[in-house]
Amino acid sequence: MSDNPARTTTAPPLPDGLVAVVKKDCPTCVLVMPVLNDLARRARATVITQDDPSFPATAEWVIHDAELELSWHHDIETVPTLLKVKDGQPTERIVGWNRTEWESFTGLDDLGADLPDWRPGCGSLSVDPTLSDQLAVKFSGSAMKSRRVEIAALEDVSESMFDRGWSDGLPLVPPTEARVMRMLAGTTRAPDDLVAVVPPDLVECTVEKVAVNAVMAGCRPDYLPVVITALEAACTDEFNMHGLLATTMPVGPVIIVNGPIRQRIGMNSGINVLGQGNRANSTIGRALQLVIRNVGGGRPGGVDRATHGSPAKYGLCFPEDEEGSPWDSLAENRGFTNGESTVTLFPGESPRIIVDQISRSPESLTRHLALALRSNISPKLAMMFDSILVLSPEHMARYRDAGWNRERFNQEIGEMLKLSGDELVRGAGGIEEGLPEMFAGNPVPKFRPGGLLVVHAGGGAGLFSSIIAGWVNGNTGTDPVTREIKP
Amino acid sequence: MTTVLDPTGELTPQTRQRVPRPKSLYGLTVGLLDISKPRGDVFLDRVEAKLIGLGAKVNRYRKPTFAKPAPVDLRHEIASQCDAVIEALAD
């Protein structure tokens with residue numbers, strides 16, 4: 001807790017010298033009562049009692065920590081705890097009863113000669129699960145500024161949050177002060193730090209508001225820096241979150257995570273990587289979408305005009321399997337080092353599969369992937385829409401075996417994705433949709449340069465890859481954005 | 001009782017008085033904003049002709065792209081040059 005920037009108070013001083021923290025409702029503390037008396041007499045020790053003010057005695061060397069303020073601030077987890085205190089601050093501590101340890105700690109002989117040699121301690125009242133949240137809120141000097149919403153005892157908290165319109169349709173974790181404080185411990189940034197101006201209402205969003213929504217989404221505190229960076233990336237001019245939200249197309253911010261943070265927070269880049277079941281994968285993207293909804297005011301039927309939407313809009317976030325890939329990672333390809341953790345935001349819809357269980361040569365597989373990618377968004381449209389291609393380990397093995405690197409792959413698939421303008425123009429193939437007539441007679445690339453983002457992820461078995469289609473790219477729409485995740 | 005923190009932007013919208021609705025468009029300047037969707041101009045040409053028929057003067061504006069909000073300068077230009085605005089969304 002001491003690293004929590006939301007905690008602004010300093011610990012009240014303890015009496016200098018030897019200090020024992022005890023409670024009567026602990027058999028070990030009761031057992032060592034004669035030793036405490038002995039220490040008070042021989043070493044002028046002070047005893048801090050958590051529950052009964054007359055335990056172990058009513059005396060000036062016994063302090064009643066009725067509010068548990070001393071115990072909470074000095075991180076007492078076990079009683080008895082024996083402390084050496086200098087200038088009001090503990091310098092050393094031991095817990096439980098162990099005669100040899102107590103004698104060596106105090107420098108006194110013959111402590112508790114009639115007692116057993118060793119007994120474990122009990123939990124401190126200050127970490128009692130029924131009290132710890134309130135204590136954290138009470139003593140942390142919370143710097144959180146959000147309005148406090150009181151939900152009455154007879155109200156169902158979960159229903160009440162649905163009723164207030166905070167939910168994306170799934171249950172939320174109630175953002176209590178204690179939970180938000182724990183969430184804020186996941187970043188070194190101060191709660192009132194500005195993260196971004198969030199569309200569509202253009203609201204200044206602080207670290208605290210991101211934390212509140214991350215709690216609701218189900219994030220753990222160590223995911224918070226990823227959510228913060230994703231929000232920063234989403235709220236840039238290049239990413240154009242307003243347009244992405246407002247579009248009738250079924251797209252939302254898709255987050256790809258690279259670098260060491262993937263393992264640190266336990267993300268899944270293997271089996272079912274784009275599906276359910278991993279907390280970090282499932283909640284980080286959701287947290288970003290909840291910030292857009294709650295802070296930015298972006299809601300379906302309001303500024304969000306999606307015709308169909310897609311399951312990806314609940315929040316799609318996944319890491320690349322860098323370790324299993326023979327290629328540089330997506331982030332390295334976009335100018336970052338493999339020691340840096342990053343998020344890449346892409347305006348994407350839900351993934352769909354390409355099956356190829358037969359190709360054994362890279363040429364055959366690439367040709368097939370290219371054929372499938374021709375239908376990205378529409379087989380009659382080209383250049384305006386980017387795409388992510390998620391290569392599975394078994395498909396990547398074709399390129400590893402053949403010694404193709406990312407550049408070779410891009411070059412080969414680029415050639416195979418040069419389409420005939422004659423087949424794409426309006427009216428061609430008996431289909432009125434298509435490119436303007438000016439493209440007739442010339443080859444047209446399916447993707448603009450850099451418009452196909454290739455990522456390696458998925459389970460070890462399965463000769464499939466996945467496509468995540470984008471929406472309008474470039475100055476008129478969205479460019480993918482990669483940002484380094486800072487703690 | 002459970003106390004939770006408000007996850008919203010906690011905006012307090014300003015209440016502003018609406019400009020009175022004009023009794024007639026005769027002699028007024030009406031702004032038409034083309035958001036740059038294909039064939040939006042076809043629709044707006046018809047609207048313009050109808051408005052001119054009602055005796056209004058029409059100013060035409062165009063957003064650089066339908067995919068992004070209108071630039072602040074453009075919104076200011078419309079507000080300062082027109083007496084009335086017809087607001088509409090594409091699609």
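Contact, as the word is used in these legends, means heavy atoms within 4.5 Å. The model is predicted, and local features need pLDDT of at least 70, side-chain atom pairs count only at pLDDT 80 or more, and totals for chains, interfaces and linings use all residues. Residues are numbered from 1 along each chain as its sequence is written, chains are lettered from A and ligands numbered from 1 in the order in which they are written, and side-chain values use heavy atoms, with hydrogens and water left out.

**Figure 1. Overall form of chain A**. The secondary structure of chain A comprises 17 helices and 22 strands; helices (H or I, at least four residues) and strands (E, at least two) are DSSP runs, numbered from the N terminus. With a radius of gyration of 30 Å, well over the 23 Å that the globule rule gives for 487 residues, chain A is more spread out than a compact globule. This radius is taken over C-alpha atoms, and the globule rule is 2.2 Å times the number of residues to the power 0.38. The C-alpha atoms fill a box of roughly 100 × 50 × 35 Å along the principal axes. Of the contacts in chain A between residues at least 6 apart in sequence, 76% join residues at least 24 apart. Buried residues account for 53% of the 487 residues in chain A (buried means under 20% relative accessible area, exposed over 50%, partly exposed in between, with a 1.4 Å probe and protein chains only).

**Figure 2. Helix 5 and helix 7 of chain A**. Helix 5 (residues 132-139) and helix 7 (residues 177-184) of chain A pack at an angle of about 70°, and their axes are 9 Å apart. Axes are lines fitted to C-alpha atoms, for helices over the stretch in contact, and angles run from 0 to 180 degrees between N-to-C directions. The two helices of chain A, helix 5 and helix 7, are therefore roughly perpendicular to each other (angles under 35 degrees count as roughly parallel, over 145 as roughly antiparallel, 65 to 115 as roughly perpendicular and the rest as oblique). From helix 5, Asp133(A), Ala136(A) and Val137(A) meet Glu177(A), Ala178(A), Met181(A) and Arg182(A) of helix 7.

**Figure 3. Helix 2 of chain A and its surroundings**. In helix 2 (residues 33-43) of chain A, the buried residues are Val35(A), Leu36(A), Asp38(A), Leu39(A) and Ala40(A). These buried residues pack against several elements of chain A, among them strand 1 (17-22), helix 1 (27-31) and helix 4 (99-106).

**Figure 4. Gln289(A) in helix 12**. Gln289(A) belongs to helix 12 (residues 279-294) of chain A and counts as buried at 14% relative accessibility. Apart from its neighbours within four places in sequence, Gln289(A) is in contact with Met241(A), Gly252(A), Pro253(A), Lys313(A), Tyr314(A) and Gly315(A).

**Figure 5. Two cis peptide bonds of chain A**. The bond from Val79(A) to Pro80(A) is cis, with omega near -10°, and Pro80(A) is placed in the loop between strand 4 (78-79) and strand 5 of chain A. Pro199(A) and Pro200(A) are also joined by a cis peptide bond, with omega about 5°. Pro200(A) is found in the loop between strand 11 (194-198) and strand 12 (203-206) of chain A.

**Figure 6. Positive phi at Ser36(B)**. Although Ser36(B) is not a glycine, its phi is positive, at about 75°. Ser36(B) occupies the loop between strand 2 (29-34) and helix 1 (40-53) of chain B, and counts as buried at 15% relative accessibility.
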